[in-house]
Every structure is written in C-alpha cells, then in structure tokens.
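Me: Could you walk me through reading a few features of a protein model? I would like the general idea before each case.

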Amino acid sequence: MNQRIEWSPVKSPSPFKQDGTHRIPNRVYSDVELHARELEAFFYKAHWCYVALECEIPNQGDYKATMIGERPVIVVRDRDGSVNVLENRCAHKGAKFCQKEFGNAKVFVCPYHQWGYRLNGDLAGVPMKNGVAGQGGMGADFKMEDHGLNRLKVRVHNGIVFASFDDDIEPFESFVSAELMPFFNRTFDGRALTLLGYNRQRIRGNWKLMQENIKDPYHPGLLHVFFVTFGLWRADQKSELRIDPRGRHAQMISTRNSGGENKEVTAGVTSFKESMILEDPRLMDVVQEPWWGGPTAVMQTIFPSVIVQQQVNSLSTRQIIPRGPNEFDFVWTHFGFADDTPEMTERRLKQANLFGPAGLVSLDDGEVIEYCQQAATAYPDGECVVELGGKDGGVASPHMVTETLIRGMYRYYRETLGL
Ligand SMILES: [Fe+2]
C-alpha cells in the first residue's frame, strides 16, 4: 500500500498580487513552504513522473536508482520481464538501501539490519526475526507481508517508464492529453529504443525555471548563438505551440528552413553571428527522418518531471529532480532507435553536443536560469513579467512569439495549489 502524506492548507497568503499569470512572483522560486507543497501536489500525487527508458534495464534484475521529486526510487526489471518501481526506503528504519545508480540484483538488502526484499518489493528476510537462542526477535504478530517496500504504480509506454505514488492516478493517456499524445507517440511509437549515454548537471535554480525554459519558444533565437546563427530555431520558422487543456504540459513544434530570412528576427540580435561558420560541418549533418513528418524539432514538457527533446537527429529525455527550492539536478538520457544505422547513431551522438551541461546550446540555459534564481532570491517581493503574446493563460498558438505556455503552467499551478 502506498503511504501518503497529505499537505495541509497553506497558512501564508498567496504570493500572487493579482489575478492571472502574466506576473509571476519571485517567491514561487524560493519559498520553502511553497516548495514542500509543490512536491506533494505535483511529484507525489496526481502526476505520472518519468523514471527511465526501458532500454536502461534490459535484463532480469537490472535496476536503476533515480528520484521522483526528492524521494529516491528504484526501477527494476523483474524475473517475469515486467518493470517495478520501488521506493528506495527500507521498511524498517527508512534507510536508503541502494546506493548504486545502476546494477543487477536478485534481491535488495538494506545495509543497516540486512532486511532483504524481492524484486517486486516483498520482504523476503529479516535477520534474528525468531530471536537468538530463544530470546528476543519479532513478536508473533509481525507479518512479513505487512512490511514490503512501497511499490509505485507504473506505466511503461512504448519504451518510456513513468511511475506514481498515487494509487488513484488517472490513466497515462488522459494525463498526457489527447492534444499532446500524437506528438508524444511520434517519438515513442513502439520502436525499440537504444541508450546512447548520459549528461548530468546541477543547476542552481528552481526546478520550474527549467519547465519554463522549454515552454518559452521566444528565447532560443535570442539567447542561443548556435540556434539563430545556424537556423535551427528562429522566430520566423513555421511553428506551433500545443498545450493540454489544464495547462501543465506543452509541445513546441518547429520546422527548420521553413521561414528563413526575415531580418526582423536577427536585426540587432547580438547573438546572431552572420559570419560564423563551423570548422567541422559534420556537427550539422542533419538527415531528415521519415518519422518526423515535417517538423524538425519537437520540445515537450511533461509536467512536472521531464522534457522530451527531438532537435533534428538528437533525441533525449531530460529529467528534472528538485533539491529544495533553489536547485535541481538535470539528467539527460540520450537515445536512438534499435534499427538505426551506425552512421545515424554517430550523427545522433554528434548532435548531442548541442545539449547537456556544456552543450553548444544548453550551456546558455543553465547559466541564465541561475541568473534568474539569483534575482528571485535577492528580491523576494519582485515579479517577473510574462506578457508576450497577451495575458491569456495556456492557449495553443500557431506561432512562437508568445509566452502563453508559461502562463498556462502557472494557471494550473495556482488552481492546483489554491493560490
Ligand atoms: Fe534554451
């Protein structure tokens, strides 16, 4: 049985000074009490959270230790081939029993008092349970079946694994929404995935700033020298923004070389370096793939835990793991498809150099998020202005000159937290 901790109604007044979500109070990025409520409401209840790709644990007993919010969990392939997600918290004293990030196990044994668990979380062994030389031990009413690991609800969807602490969570399809499922399934259409590698970074910013970053189609052509100069993402490209009816998830969809030469989007933009060329053009050896069906980039935020990225031939999940209100870990898992040619695998890996903590593009995002967090912390009564494209929250858009997706997320945030 899942153990749930209910959060009590907030005691402090709402940090929002007015209706709507075109102004975001700095406190949502730094307030400890709000952060605790976010974990409960978004990561531990009512949301499917990303934990793994199935290809990370191909064999029986393979496991991956990861996090949902600030709680450690283990994703493990059971003997029957199914995937279990178990809380990495011993049923005895609560110790995090598995410290290795990846491995293969027949059982999990807590180092503290050696309680042992099967791959489905059932308690299999308790040392000294029956006492020693007739003395001590557990009482007659101690039942092994009452002390298994907390086992989460799991959804494996075409190779990507989500889990939830919430027994009453809605079906995965309705969680992602009918609006977003087609583009979600464009990447995860049932083809076997292959693991290409990882990047990890710790960003000293609030976790929501990363969600905002990928709900913000306005910045890539301004902040990122690489995007605007080499035409991977520009405001004059054919593009579309999708959002689920509740405003929490979104997709930014764009097609390279579809707009092109509108000088309005580069005039005065200091990051546009017209004369810059690549020393090694293989980095931009983009090959159109049949499954794209047009768009060359689809950036998806599945609230709250993950971003699914396709930027030309590079594919990644980016897991968001909060660590208090002021920082989060960001784990990039780069992947391809099992039927990729060796050339395509090499191309995906080369283009992955755009991303990760030192990526030619993503380096910038980590840095500006930290700059924003510094202001949020130093000016707790300040606000951010989110008015590009109007003040409406969370409506789809046929262009990218808008912050509607961010307003949509905060509409959902205010509704869910009662702020
Ligand atoms: Fe960016």
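Me: What should I know about the model before starting?
Reply: The model is predicted, so local features need pLDDT of at least 70 and side-chain atom pairs count only at pLDDT 80 or more, while totals for chains, interfaces and linings use all residues. Residues are numbered from 1 along each chain as its sequence is written, and side-chain values use heavy atoms, with hydrogens and water left out.

Me: Which atoms are the protein donors of the iron ion?
Reply: Donors are N, O and S atoms within 2.8 Å of the metal (3.2 Å for Na, K and Ca); water is not among the atoms, so sites may look incomplete. Here the iron ion has His 219 (NE2), His 224 (NE2) and two OD atoms of Asp 365 as protein donors, at 2.0 to 2.5 Å. Along the sequence the spacing of these residues is H-x4-H-x140-D. His 224 sits in the loop between helix 5 (220–223) and helix 6 (225–230), and Asp 365 in helix 8 (residues 362–378), so the pair, 141 residues apart, links distant parts of the chain. Helices (H or I, at least four residues) and strands (E, at least two) are DSSP runs, numbered from the N terminus.

Me: Why is the arrangement around the iron ion irregular?
Reply: Ideal angles at a metal are 109.5 degrees for four tetrahedral donors. Four donors count as tetrahedral if all angles lie between 85 and 135 degrees; four count as square planar and six as octahedral if opposite donors are over 155 degrees apart and all others between 65 and 115; anything else is irregular. Around the iron ion the four donor atoms subtend angles of 56 to 143°, which makes the arrangement irregular.

Me: How do I read strand 16: is it enclosed or open?
Reply: Begin with burial: buried means under 20% relative accessible area, exposed over 50%, partly exposed in between (1.4 Å probe, protein chains only). Six of the six residues of strand 16 (residues 306–311) are buried, so this strand is largely enclosed by the rest of the structure. In a regular strand the side chains alternate between the two faces of the sheet. In strand 16, Val 306, Val 308 and Gln 310 point one way, and Ile 307, Gln 309 and Gln 311 the other.

Me: Which strands pair with strand 16?
Reply: Two strands pair if DSSP finds at least two bridges between them. Strand 15 (residues 297–302) pairs with strand 16 in the antiparallel sense over six bridges, with Ile 302 opposite Val 306. These two strands form a hairpin with three residues between them. Strand 17 (residues 314–322) also runs antiparallel to strand 16, joined by six bridges, and Gln 310 stands opposite Leu 315. That hairpin has two residues between its strands, and Val 312 in the turn has a positive phi of about 40°.

Me: Which element gives the largest share of the lining of the largest pocket?
Reply: Rolling a probe the size of a water molecule over the atoms shows where empty space is left. Helix 8 gives the largest share of the lining, five residues. The lining has 22 residues, with Leu 209, Glu 212, Asp 216, Val 368 and Cys 372 nearest the centre of the pocket.

Me: Where is Phe 188 found?
Reply: Phe 188 is in the loop between helix 3 (181–187) and strand 12 (193–203), and at 0% relative accessibility Phe 188 counts as buried. Val 83, in strand 5 (residues 83–87), is buried with a relative accessible area of 10%.

Notes. On a 1 Å grid over the protein atoms alone, a cavity is a set of points where a 1.4 Å probe fits but cannot get out, and a pocket is an open set with protein on both sides within 12 Å along at least five of seven lines; lining residues have an atom within 4 Å of a point.
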